[in-house]
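Good morning, colleagues. I would ask you to bring up the sequence and the model on your screens. I shall then go through selected parts of the fold in turn.

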Amino acid sequence: MERARSFPSRRRLLKGAALAALPYSLLPGTRATAQAAAVDHPGVEWVPASTSNYTASNRPTSCPLDYVIIHVTQETYPTTLSIFQNPQKKVSAHYLVRSADGHVAQCVREHDIAWHAGNWDYNTRSIGIEHEGWVDRPAYFTNALYEESAKLTAAICTQYGIPKDRAHILGHYQVPGTDHTDPGPNWDWTRYIRLVNFG
């Protein structure tokens, strides 16, 4: 004898379709969990770069981490994020700090190699932090930008045993072979290194 088939109600079908149409990040409890799994430091927003703009790796197992490299974007925060997400640009950094409030976006995981230094050896051994602004516009270097960036750099240095000094926290201009000048003469290195060490 054939058993009667039970079909889902129209209401159940519509409810299921509505849930399926929701972005994954809007479902309860998923956004925080997904983001927390993606970032390397609490309070950082995950805004991933295109996978065409960095090299997957397993640092510090595959290569040691010896440096943090400080950059200035020469672009706005949103434009920089769009550049990192454009697969044609072939550039990225691990982090981007916004000028107005010091908000930090992580674009590449620390275990991967971001393409930021213009020198492959330094790319493999460093974490790159971009800062919204222009080298000749010191107003972009706000208290919030310095403070949040310094907290991030301090955490990175502590995690990987990188000394918190100018021999290991470099400006992009210090990378051998680079033609960049950032973070430029308006970047207050004395203040920054003090904040990294003493918060």
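Let us begin with strand β7, residues 126-131. All six of its six residues are buried, so the strand is largely enclosed by the rest of the structure. By buried I mean under 20% relative accessible area, with exposed meaning over 50% and partly exposed anything in between, using a 1.4 Å probe and protein chains only. Strands here are DSSP runs of E of at least two residues, helices are runs of H or I of at least four, and both are numbered from the N terminus.

A word on provenance: this is a predicted model, in which local features need pLDDT of at least 70 and side-chain atom pairs count only at pLDDT 80 or more, whereas totals for chains, interfaces and linings use all residues. Residues are numbered from 1 along each chain as its sequence is written, and side-chain values use heavy atoms, with hydrogens and water left out.

Returning to β7, Ser126, Gly128 and Glu130 point one way, while Ile127, Ile129 and His131 point the other way, and all are buried. Which strands pair with β7? Strand β3, residues 67-72, runs parallel to β7 and is joined to it by six bridges; Tyr67 has Ser126 as its bridge partner in β7. Strand β4, residues 95-97, is also parallel to β7, with three bridges, and Tyr95 is partnered there by Ile129. Pairing requires at least two DSSP bridges between the strands.

I turn now to charged pairs. How many salt bridges does a search of the whole structure find? The number is five, where a salt bridge is a side-chain nitrogen of Lys or Arg within 4 Å of a carboxyl oxygen of Asp or Glu. One of them links Asp66 and Arg125, whose closest N and O atoms are 2.8 Å apart. Asp66 lies in the loop between β2 (54-55) and β3, and Arg125 in the loop between α4 (120-124) and β7, so this pair ties together parts that are 59 residues apart in sequence. Asp66 is partly exposed at 23% relative accessible area, whereas Arg125, at 19%, counts as buried. Arg125 also meets Asp121 in a salt bridge, at 2.9 Å from N to O; Asp121 is partly exposed at 38%.

A further salt bridge joins Glu148 to Lys151, with the closest N and O atoms 3.0 Å apart. These two residues are three places apart in helix α5, residues 143-160, and are therefore separated by about one helical turn. Glu148 is partly exposed, at 28%, and Lys151 is exposed, at 52%. As for shared partners, Asp66, Asp121 and Arg125 are joined by their salt bridges into one network.

Glu110 sits in the loop between β5 and β6 (113-114). Glu110 is buried yet has no salt bridge, and the nearest side chain of opposite charge, that of Arg59, is 7.3 Å away. The Glu110 side chain does make a polar contact with the side chain of Tyr95, at 2.5 Å. A polar contact is a pair of N or O atoms within 3.5 Å; within protein, one must be able to donate a hydrogen and the other to accept it, and residues adjacent in sequence count only if both atoms are side-chain atoms.

In α3, residues 77-84, Tyr77, Thr80, Leu81 and Phe84 are buried. They cover an arc of only 100 degrees around the axis, which puts them on the same side of α3; the arc is that of the directions from the helix axis to the C-beta atoms. Among the elements covering these buried residues are β4 and β7.

In α6, residues 189-198, the buried residues include Trp189, Tyr192 and Leu195. The buried residues of α6 pack against β3, β7, α5 and β8 (169-171), contact meaning heavy atoms within 4.5 Å. At the start of α6, a side-chain oxygen of Asp188 comes to within 3.3 Å of the backbone nitrogen of Thr190. Just after α6, Gly199 takes a positive phi of about 60 degrees.

Terms used: Lys, Arg positive; Asp, Glu negative; His and termini not counted.
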